[in-house]
Amino acid sequence: MQVTSRLSIRTFAILALASGLLWSSQVQAAECNGDEVLAKLDARLNTARDLDLRIEILNKVPGKQDRTMRMNVRTRGHKRFTEFEAPGDVKGTKVLSLSRSKMYVYLPAYQKVRRITSHTTDQGFMGTTLSQDDMATTHYGQVYQASACKQEGSNYVVKATPRADSKVAYGSATFKLSADKTLPQEILYYSPSGKHVKTEKRTQYECRGEYCNPNQITMTDHTRAGAVTTLQVSTWKKDTGFPESVFSKRSLQRAR
């Protein structure tokens, strides 16, 4: 009788463990609504009314000397104003992005404001692995629609393709997001033919109120022998209330 009882207890424990493992695997691979996750991502990325950042850039291209730059960036919604402070050959260069399709650049050597044509927005921004499109995309759910979504442990994994009315160089993208705060950890970009072309990683998050800023972003371009650009945020402020006139063509020719 004791032997039977012990066997029953052991059998029950094994079944309970197996059931727990099965439940755990189901939780780790649970289905989710990808478009809802992307909408939450957009909301999280845009909780700050505005941002004022100072960023150090390290650009590494195989076969070339490493290059460092420094820039100030002001953002509000879809708008972005960028001014380069160093090194000397790019100092004073300014870029104004009013949307993903409307961008202007001021080159101090020519002292003129020029429109950035749409067919060049997928090219490297100032020689980095990030394109103008990469820099200007602030609402991913408006650009991409989810094709698959699952929760793996503490992360969401969302596969997405461009919306019909969005002009983007990538054929698809896979987003790896933290499930607790819906913040991007890694984004894989693919060409229209399905080739993995870029990997973006966001780390060193710092939260102030509801907004969390990634203090380090790295973009690896797999089509350029693994060239990588690292954006390191040295300081940042949110909700500063700077004037809307910052986002004007006139501000490109004006000293900050």
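## Close-up views of a predicted model

The second largest cavity has a volume of about 50 Å³. Strand S4 (79-86), strand S5 (94-97) and helix H3 (132-136) each give two or more residues to the lining of this cavity. The model shown in every view is predicted.

**View 1. Residues around the second largest cavity.** Arg 80, Thr 82, Val 95, Ser 97, Phe 125, Gln 132, Met 135 and Ala 136 line this cavity. Which element gives the most to the lining? Helix H3 does, with three residues. By class, the lining of the second largest cavity holds four nonpolar, three polar and one charged residue.

**View 2. The largest cavity.** This cavity has a volume of about 70 Å³. Its lining is made by Arg 100, Asp 133, Asp 134, Thr 137, Tyr 140, Tyr 144, Val 168, Tyr 170, Tyr 189 and Glu 200. How do these lining residues divide by class? Five are nonpolar, one is polar and four are charged. In total, the structure holds two cavities of 30 Å³ or more.

**View 3. The largest pocket.** The volume of the largest pocket is about 590 Å³. How many residues line the pocket? There are 32, and Leu 51, Thr 75, Arg 80, Arg 202 and Tyr 211 lie nearest the centre. Several elements supply at least two lining residues each. Among them are strand S2 (51-60), strand S3 (67-76) and strand S12 (196-208). Strand S13 (211-221) is another of these elements, and S13 gives the most to the pocket lining, with five residues. Helix H3 also supplies at least two residues to the lining of the largest pocket. By class, the pocket lining has 17 nonpolar, seven polar and eight charged residues.

**View 4. Ser 166 in its loop.** Find Ser 166 in the loop between strand S9 (155-162) and strand S10 (172-178). Is Ser 166 buried or exposed? Ser 166 counts as buried because its relative accessible area is 13%, and the cut-off for buried is under 20%. Now look at the side chain of Ser 166. One of its polar atoms lies 3.0 Å from the backbone oxygen of Val 143. The backbone oxygen of Arg 163 lies 2.9 Å from a polar atom of the Ser 166 side chain.

**View 5. Thr 235 on strand S14.** Thr 235 sits in strand S14, which covers residues 227-238. S14 also supplies at least two residues to the lining of the largest pocket. Thr 235 has 47% relative accessibility, so this residue counts as partly exposed. Which residues does Thr 235 touch, leaving out those up to four places away in sequence? The answer is Asp 52, Leu 53 and Arg 54. Now compare Thr 235 with Glu 56. These two residues are 179 residues apart along the chain, and 9.8 Å separates their C-alpha atoms.

**View 6. The whole chain, for orientation.** The protein chain has five helices and 14 strands. Of its 256 residues, 41% count as buried. Among contacts with a separation of 6 or more, 46% are between residues 24 or more positions apart. The accessible surface of the chain comes to about 14,100 Å². Carbon and sulfur atoms account for 52% of that surface.

Terms used. Residues are numbered from 1 along each chain as its sequence is written. This is a predicted model: local features need pLDDT of at least 70, side-chain atom pairs count only at pLDDT 80 or more; totals for chains, interfaces and linings use all residues. Side-chain values use heavy atoms; hydrogens and water are left out. Helices (H or I, at least four residues) and strands (E, at least two) are DSSP runs, numbered from the N terminus. Buried means under 20% relative accessible area, exposed over 50%, partly exposed in between (1.4 Å probe, protein chains only). Contact means heavy atoms within 4.5 Å. Accessible areas come from the Shrake-Rupley method with a 1.4 Å probe; for residues, only the protein chains shown count as cover. On a 1 Å grid over the protein atoms alone, a cavity is a set of points where a 1.4 Å probe fits but cannot get out, and a pocket is an open set with protein on both sides within 12 Å along at least five of seven lines; lining residues have an atom within 4 Å of a point. Grid points are joined across faces, edges and corners, and a volume is the space filled by probe spheres set on the points. Ala, Val, Leu, Ile, Met, Phe, Trp, Tyr, Cys and Pro count as nonpolar, Asp, Glu, Lys and Arg as charged, and the others, Gly among them, as polar. A polar contact is a pair of N or O atoms within 3.5 Å; within protein, one must be able to donate a hydrogen and the other to accept it, and residues adjacent in sequence count only if both atoms are side-chain atoms.
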